[in-house]
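Here's a quick tour to read with the structure open beside you. Take it one topic at a time, and find each spot as you go.

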Amino acid sequence: MPSYKLYYFNGRGRAEVARLIFAAAGEKYEDVRYERDQWPAHKAEMPLGQMPVLEVDGVKLPQSLSIARFLAKQFHLAGKDNFEQAQVDAVVDTIYDCLTKYVPIRFETDEAKKEELTKKFLAEELPKHLQNFETLGKLYGKGGHFFVGKQLTWADLLFFDVGAIILQVDSNAFNNHAWLKQNRAEVEKQPKIAEYLKNRPQTQF
Amino acid sequence: MPSYKLTYFNGRGRAEVSRLIFAAAGQKYEDVRYEFDQWPAHKAEMLLGQMPVLEVDGVKLPQSAAIARFLAKQFHLAGKDNFEQAKVDAAVDTIYDIYKTWAPSRFGEDPVKKEALSKKFFGEELPKQLQNLETLGKLYGNGGHFFVGNQLTWADLFFHTITETLLGINADCLNNFPWLKDNRAEVEKQPKIAEYLKNRPRTEL
């Protein structure tokens, strides 16, 4: 059994999907969290000077999605064959495309500009992405509630995490998307996930 | 043996890594290319209104990275176990970060702004990112010329196609990175790749 150590800031951010995978699998790991003022002292320890980093038996792996995909495959949450894994990867990339569009808006410092950009994102950008998520869920989900193949995969865990960010921006975002609401509800119902969500640190990001 | 159909614009862009994977594997596929003026008529046929799309025995898969990873796994060009595949994924993500940093300098609308972005990219940002890539190659490459595990993987093919475009703009951009230059040379020496590179359509992007 390999030893796992995950390094990130003290927040959900780009590491949370990996933490959700560990939780869903019931797997132990060392959850290292650096506060902002601790980070400069550790930056040089990371292969690309960035986090998250996963250390597996002492070997470091950067890049949040590669980390998550590796863990999902280790714990059978990635799809049951090569083509299903590709479908899961496609859903993940599509979710990530939406997040990528929103991130610069989130970090906009001019409040008036941020409000205008957020309005525009919600009205013009987000609906297309939500439609895309439903399209893939209906194509690959085999009539079930999960994105791919009628079972929980890391695509559902990522959507749960990113969905929380979207709902923070607009709590009504999924009102016209029953399938997406149901998908998140199914993730929350998983006993190990429910337990994890109840106990995880509450952080700003 | 599944049937494969790859649909994209008539260019390298986001599909070329997949074409290189097919070539390296000696695998036949239908290589559908649309000119820009043909694209609007076909947009609605594509799963998310985007290309590339891979069709495997009639089932559509979007998202260029998911497509490439699937094909690499099918043809044993993805890394030989789960952790090696994760290292390959991390290298790919790091290469992709280069593309994402470069893209605004090429695809924006303001020519003056683009010129400034291009100077900044080639002068400041690219060298740092190439340094990061060399770090990964030395960490995962087992002392060889390939990014991971002393054998060709799709990370090497992806690096080749992304840098093809960059070298077309700035022929000297790899001069301070001999390991990366050697890596490209190793890819070009592979007989099936050499043959493919000699015969493929010449396009700007």
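Let's start with strand S3 of chain A, residues 53-56. A:Val53 and A:Glu55 point one way from this strand, A:Leu54 and A:Val56 point the other way, and all of them are buried. Keep in mind that this is a predicted model.

**Strand S3 and its partners in chain A**

- On one side, S3(A) pairs with strand S1, residues 4-9 of chain A, in the antiparallel sense over four bridges.

- Some background first: most residues other than glycine have a negative phi, and most peptide bonds are trans.
- You'll find A:Gln63 in the loop between S4 and H3 of chain A, and it counts as buried because its relative accessibility is 13%, with the cut-off for buried being under 20%.
- A:His76 isn't a glycine either, yet it has a positive phi of about 60°.
- Is A:His76 buried or exposed? A:His76 sits in the loop between H3 and H4 of chain A, and it counts as exposed because its relative accessibility is 71%, with the cut-off for exposed being over 50%.
- Now for the peptide bonds: the one from A:Met51 to A:Pro52 is cis, with omega near 5°.
- A:Pro52 belongs to the loop between helix H2 (39-42) and S3 of chain A.
- Over in chain B, a cis peptide bond joins B:Met51 and B:Pro52, and omega there is about 5°.
- B:Pro52 is in the loop between helix H2 (39-42) and S3 of chain B.

- B:Val53 is part of strand S3 of chain B, residues 53-56.
- Why does B:Val53 count as buried? It's because its relative accessibility is 2%.
- Setting aside neighbours within four places in sequence, B:Val53 is in contact with several residues, among them B:Lys5, B:Leu6, B:Met46 and B:Ile67.
- B:Val53 and B:Ser64 are eleven residues apart in sequence, and their C-alpha atoms are 7.5 Å apart in space.
- In chain A, have a look at A:Glu186, which lies in helix H7, residues 178-189.
- A:Glu186 counts as buried because its relative accessibility is 13%.
- Leaving out neighbours within four places in sequence, A:Glu186 is in contact with A:His145 and A:Phe146.

**Where the two chains meet**

- How many residues does each chain bring to the contact? Chain A gives 29 residues and chain B gives 29 residues.
- Together, chain A and chain B bury about 2,600 Å² between them, with 58% of it on carbon and sulfur atoms.
- On the chain A side, A:Leu48, A:Asn82 and A:Phe83 lose the most area to chain B, together making up 22% of what that side buries.
- There are two salt bridges between chain A and chain B.
- In a salt bridge you can look up, the side chains of A:Asp89 and B:Arg69 meet at 3.0 Å, N to O.
- Which elements give two or more residues to the side of chain A that touches chain B? They are S4, helix H3 (64-74), helix H4 (82-106) and helix H5 (111-140) of chain A.
- H4(A) gives the most to that side, with ten residues.

**What the UniProt record says**

- In chain B, an unreviewed UniProt entry lists residues 2-79 as "domain: GST N-terminal".
- That span is 32% helix and 24% strand, and its end C-alpha atoms lie 21 Å apart.
- For residues 81-205 of chain B, the UniProt label is "domain: GST C-terminal", also from an unreviewed entry.
- Residues 81-205 of chain B are 74% helix and 0% strand, with end C-alpha atoms 33 Å apart.
- In chain A, the UniProt annotation "domain: GST C-terminal" (unreviewed entry) covers residues 81-205.
- The chain A span is 74% helix and 0% strand, and its end C-alpha atoms lie 34 Å apart.

How values were computed: Residues numbered from 1 in each chain as written. Chains lettered and ligands numbered in written order. Predicted model: local features only at pLDDT ≥ 70, side-chain atom pairs only at ≥ 80, totals over all residues. Heavy atoms only, no water. UniProt positions renumbered as here; feature names shortened; annotations may be inferred. Buried < 20%, exposed > 50% of the residue type's maximum accessible area, 1.4 Å probe, protein only. Pairing = 2+ DSSP bridges. Contact = heavy atoms within 4.5 Å. Buried area = accessible area lost by both parts, 1.4 Å probe. Salt bridge = Lys/Arg side-chain N within 4 Å of Asp/Glu carboxyl O.
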